[in-house]
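Thanks for taking a look at this one with me. Here are a few notes to read alongside the structure.

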Amino acid sequence: MPVLQRPEAEARAHLLDVHRYEVALDLTHGDEEFTSRTVIHFTAREPGDTFVEIRPATLHAATLDGHPLDPAALDDNRLPLTGLAAGPHELRLDATMRYSRTGEGMHRFTDPADGEDYVYTQLFMDDIQRVFGAFDQPDLKAAFELTVTAPPTWTVLANGRTEQLPDGTWRAAATPRISTYLVAVAAGPWHSVHTEHAGLPFGLHCRRSLAPHLDADVEELLDLTRRCYDRYHEIFEEPYPFDSYDQAFVPEFNAGAMENPGLVTFRDEFVFRSAVTDTERQTRGMVIAHEMAHMWFGDLVTLRWWDDIWLNESFAEYMGYQVLSEATRFRDTWTDFAIARKGWGYDADQRPSTHPVAPAPEDVPDTASALLNFDGISYAKGASALRQLVAWMGEKDFLAGINDHFARHRFGNATLADFLDSLARATDRNVHAWAARWLRTTGVDTLTPTVTEDAGTWHLDVAHTGSRPHRIAVGAYDPDPGHPDRLALRDRFDVDVPADGAPARHTFPKAAPALVVLNDGDLTYAKVRFDAASWETAARTLSGLPDPLTRAVVWNAARDLVRDGELAPTAYLEAARAHLPHETELAVVQGVLAFARTQLADRYLPSAPSSPGQPAATTRHTALTTLTALSRDILRRTEGPGHGPEAGLRLTAVRAFIDSATTPEGIQEWLADGSIPGGPTLDHELRWRILTRLATLGAAPLPELHDLIDAELARDQSATGQEGAARCRAALPDPEAKQAAWQALFGTDAGSELSNYLFTATATGFWAAEQQDLLRPYVARYFTEVPALAVRRGPALAKAAGRWAFPAVLVEEETLRRGEQCLAEGDPTPALRRTLDDQLADLRRALRVRAAAVR
């Protein structure tokens, strides 16, 4: 399919002014196709030629100003419009379109719990063409008027308020001028909760089968929504720009959420069916705040071209964490950002595929290139850069610049240069110079302290590897006199690290502190190191640091040391074993356990000693044993009735114990008994988690495991249950089970292709680190077959196949060789190529970490 090139978009934006779309969708034609009729009112500023995009199953008719166009002229997704005269025009398109099963365009889902059908749109980047014809680029904003014909039991949601007409069709209020990718429709027999706040209708919507779970959390969800809405109205001068605010939790959604004006769509895993930790509730709250920020930054003021998509996401990411911490009960959001989110940016920025936060225009020549940049750099690094910008220029001036930006570009389009100009008008600092250093460069800077002392004073020198200026806080800590296993803050002071040249030496009275922490408070984006004495103190007393955000900074530094081959993975595990049983911050426990389990155990440590002289303690099995022992420690600490943090810690420990189990003892009894002594309740999520681990371990004869899976699916006939069963069956250590799973993943029978979620579930079950001998023959098959799958099933499945179906657990030179050969000779699609590039970079790093550990 031709992708839109930037010069084409610029030429079309120069030629056309698009005023209004009238769109009529009919969703009553079965579960494979729907009809789409579109009228586009636009003006040509001068005579010329252009095209409109549409990807139909069948284009039945097209007329321009009443004159028929030949449907056969449709070239893939482009219908030529030639010989346009200057002046107003009306284009009509009548087509039949296909539903999607991959979360793109108009996605259709049948709920296995009750057989009900739901559809929703995800039109980001260039997928509006799958639903109706459009001049599909962000700077051709227009008003949209939608009518939808749906089955009589359905409710239709859209960007504006909807009403059902006497003939049964649904009509949505006309939108203000918005970009094509922001149009949204969601239809089905929704369970809905309606309320009003500040004179505006609010709604929450989910599948009927999830109604009890939404109702259980409805007050929390509405409270978060109201508080965030009110806080945004305190800091933004521009009022909320749309006529309603609906939040729909939709099935099989590829992203976390999408900021459609007036109708935000979320993945419906955020309607919690099972117990979750408070940190997971905080994450849901952050996503609510993030998407609401987009109503202003992204929807009211929209990028002109996709090279600035980072600014949409970075701004919403920053505001999501900040507003949640200011307006709700979730006060430690930046700790969660540090430990769970920031590593995403650090990892992406150290791969060959890294790119500037704000890429150069020539680096985003088309929509396919733009789609590749939805990564940890555009979200986590960009948000970190904005947080550093606020620390550098001050929040008052930053918000003044933001409000200037909204006022100048409301309902229009803007560029990074426009944004920086608005900030520059609000401050006397050189924002453009700052942006050149922070937004146009790649890589992660490293800050390293040198601590010396003499004659009753101590000195701090900060070495800087990189190209950016940093404003950081430095924390100096000493043992707490009353509690030798704890540390007390002696002093915290600001240090400016220049982009070039050595920072000034800092001299202080007294002896050197026991621990010096650079970037205390985590206000910048950089790797930090320790002087030798500080690391010895940190390794011994990390859990005794008084501030959870400081502890997160230290844990992140330890993580970077492991990834850079400067700290043995076993040393990280020893620190986790020593300190996590005393850690009170849920986000820190979850983040450290996740890194230890998924990276250290599964990738950085071999399954067996790599040489006769290497101790067995350096193997994956020992790491898993350490993690199960650590989990038991936390469970012992949290025995008894628990609520809030204690309950969350206990749930986290139970999950880690299950995932790290090397034998079925313990977890098999939990499943058989239907309970965990001391709690938590053995709900659906935990039962599937146990069953997945038992299947992976081959904990019983295959017929018995199949019976257990079938019985659990009968107990849980939900979509999540279907995914759990697929994951378990793919995890079985049996050649026939592996072949069946592989056929489900890569088979070419269009009638049986897996949906995006079932594909991911099957892939994650398939590649089990315990089964490397059984899986090794599939490495070559993967790299041979995945390029064709990416072509056949499109970008969303290509990314899923590159991320989840990649043989990551086989950390071997042969995997690397096959992958490099695929990139060189397999002609992967752009989405697949980028994902494979990143996976192979991580594989090379894992091989380096293993080699360093052996040395």
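Which residue stands opposite R171 in β13? The first point has the reply.

1. That residue is T147. Strand β10 (residues 143-149) and strand β13 (residues 170-172) pair in the antiparallel sense over 2 bridges. Strands here are DSSP E runs of at least two residues and helices are H or I runs of at least four, numbered from the N terminus; two strands pair if DSSP finds at least two bridges between them.

2. A word on the source: this is a predicted model, where local features need pLDDT of at least 70 and side-chain atom pairs count only at pLDDT 80 or more, while totals for chains, interfaces and linings use all residues. Residues are numbered from 1 along each chain as its sequence is written, and side-chain values use heavy atoms, leaving out hydrogens and water.

3. Now the open sheet: its 8 strands run in the order β5-β4-β7-β2-β1-β10-β13-β12, with mixed pairing. At the edges are β5 (67-69) and β12 (162-164), each pairing on one side only.

4. Among the 54 aromatic pairs in the whole structure is a tilted one, Y232 with W296, because the ring centres are 5.5 Å apart and the planes meet at 40 degrees. (Rings of Phe, Tyr and Trp, the last by its six-membered ring, pair if their centres lie within 6.5 Å; planes under 30 degrees apart are stacked, over 60 edge-to-face, the rest tilted.) Y232 is in helix α2 (residues 211-235) and W296 in the loop between α3 (278-294) and β20 (302-303), 64 residues apart.

5. F249 and F266 make a stacked pair, since their centres are 5.1 Å apart and their planes at 25 degrees. F249 lies in strand β17 (residues 245-250) and F266 in strand β19 (residues 263-267).
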